[in-house]
Amino acid sequence: MKIVSFLFLFTITSLFSQEKYEYVIVPYSFDFFEEPNKFNLNGLTKSFFEKEGFKVLYDTDIKPDFVANNPCEVLYAYVIDDNKLFSKNLYVQVKDCKGNLLIESVKGSSREKDFDKSFTIALRQALTSLKGQLNFNKSKSFVKNENKEILIEKSAENKIVVENNNTKYSSIITETGYQLTNSENEVVFELTKTSSEDIFIAKKGNLNGVLVKKINGWFFEYNEANQLVSEKVEVKF
């Protein structure tokens with residue numbers, strides 16, 4: 001549910017910094033498997049968040065006093081399955097203690113016939129799309145925006161959604177992916193292919209992030225002043 005929506009001129013920058021989360025709780029058993037840590041997927045999830053700088057606990061672990069006494073100072077990670085007949089599809093959600101969705105990964109997918117390989121590939125793709133985007137503040141950040149008219153939506157997912165409906169991009173194939181150009185044939189985005197057709201490593205000026213395909217279009221997602229920004233990109237490949 002969107003909290004506020006407004007239209008104005010400004011430059012994306014944080015007005016103040018806030019304390020970050022330290023802990024993440026990961027399930028030791030996912031709902032879509034009967035046995036715990038099937039194919040070491042739970043271990044893979046735990047390892048990813050540790051590499052992102054968090055202290056990670058399984059939900060079955062004995063909790064340190066800080067975590068036990070302060071459950072709302074902790075993040076909670078979930079892996080959701082959306083499997084089809086011929087493919088394994090997984091995505092990752094990170095929520096706060098009240099169940100509010102803070103961030104959701106792209107959908108990782110694999111058509112490998114071996115279940116161990118297919119689930120692992122799908123989960124790695126999903127987790128990779130979250131890399132570098134998990135510096136959540138414990139309270140809201142206020143932001144400004146750039147010198148052009150764009151729509152800014154502050155959402156319940158603690159994410160800034162930037163939607164610029166006046167710019168549509170053309171795609172040019174390169175050796176490593178695509179270039180996206182504006183109406184004046186200026187290169188705005190440099191895209192590099194990944195193992196998923198729905199994810200590109202993306203560079204826009206000095207901004208580095210990912211371009212991901214979602215149900216309602218393509219989005220350039222990056223971190224700005226410790227705030228996840230998701231910018232809709234009008235393009236057809």
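A search of the whole structure, which is a predicted model, finds seven salt bridges, a salt bridge being a side-chain nitrogen of Lys or Arg within 4 Å of a carboxyl oxygen of Asp or Glu. Side chains of opposite charge can pair when their charged atoms come close. The protein has 237 residues, of which 43% count as buried; buried means under 20% relative accessible area, exposed over 50%, and partly exposed in between (1.4 Å probe, protein chains only). Its secondary structure comes to three helices and 17 strands, where helices (H or I, at least four residues) and strands (E, at least two) are DSSP runs numbered from the N terminus.

In this predicted model, local features need pLDDT of at least 70 and side-chain atom pairs count only at pLDDT 80 or more, while totals for chains, interfaces and linings use all residues. Residues are numbered from 1 along each chain as its sequence is written, and side-chain values use heavy atoms, with hydrogens and water left out.

**Salt bridges**

- Glu 50 and Lys 46 form a salt bridge with an N to O distance of 2.6 Å. Both residues lie in helix 1, four residues apart, which is about one turn of the helix. Glu 50 is partly exposed at 36% relative accessible area, whereas Lys 46 is buried at 17%.
- Lys 107 and Asp 82 form a salt bridge at 2.5 Å, N to O. This pair links distant parts of the chain, 25 residues apart: Lys 107 is in the loop between strand 7 and strand 8 (108-110), and Asp 82 is in the loop between strand 5 and strand 6. Lys 107 is partly exposed, with 36% relative accessibility, and Asp 82 is partly exposed, with 24%.
- In the salt bridge of Lys 214 with Glu 221, the closest N and O atoms are 2.6 Å apart. Lys 214 is partly exposed at 28%, while Glu 221 is buried at 5%.

**Nonpolar cores**

- The largest nonpolar core has 29 residues; such a core is a set of buried Ala, Val, Leu, Ile, Met, Phe, Trp, Tyr and Cys residues joined through side-chain atoms within 4.5 Å. Those with the most contacts inside this core are Phe 49, Phe 54, Leu 75, Leu 123, Leu 134 and Phe 136.
- Two or more residues of this core come from each of strand 3 (23-26), helix 1 (41-51), strand 4 (55-58), strand 5 (74-81), strand 6 (88-95), strand 7 (101-104) and helix 3 (115-128). Helix 3 gives the largest share, five residues.
- Leaving out residues up to four places away in sequence, Leu 134 touches Phe 48, Phe 49, Glu 52, Phe 54, Val 94, Ile 103 and Asn 223; contact means heavy atoms within 4.5 Å.

**Strands 12 and 13**

- Strand 12 (residues 177-181) is largely enclosed by the rest of the structure, because four of its five residues are buried.
- Strand 12 pairs with strand 13 (residues 187-193) in the antiparallel sense over five bridges; two strands pair if DSSP finds at least two bridges between them. Leu 180 has Phe 189 in strand 13 as its bridge partner.
- The two strands form a hairpin with five residues between them, and Asn 185 in the turn has a positive phi of about 60°.

**Aromatic pairs**

- There are 19 aromatic pairs. Rings of Phe, Tyr and Trp (its six-membered ring) pair if their centres lie within 6.5 Å; planes under 30 degrees apart count as stacked, over 60 as edge-to-face and the rest as tilted.
- The pair of Tyr 178 and Phe 200 is edge-to-face, because the ring centres are 5.8 Å apart and the planes stand at 85°. Tyr 178 lies in strand 12 and Phe 200 in strand 14 (residues 199-204), so the pair ties together parts 22 residues apart in sequence. Tyr 178 is buried at 17% relative accessibility, and Phe 200 is buried at 6%.
- Trp 218 and Phe 237 are also edge-to-face, with ring centres 5.0 Å apart and planes at 75°. Trp 218 is buried at 10%, whereas Phe 237 is partly exposed at 39%.
- Phe 30, Phe 32, Phe 33, Phe 39, Phe 115 and Phe 119 form one aromatic cluster.
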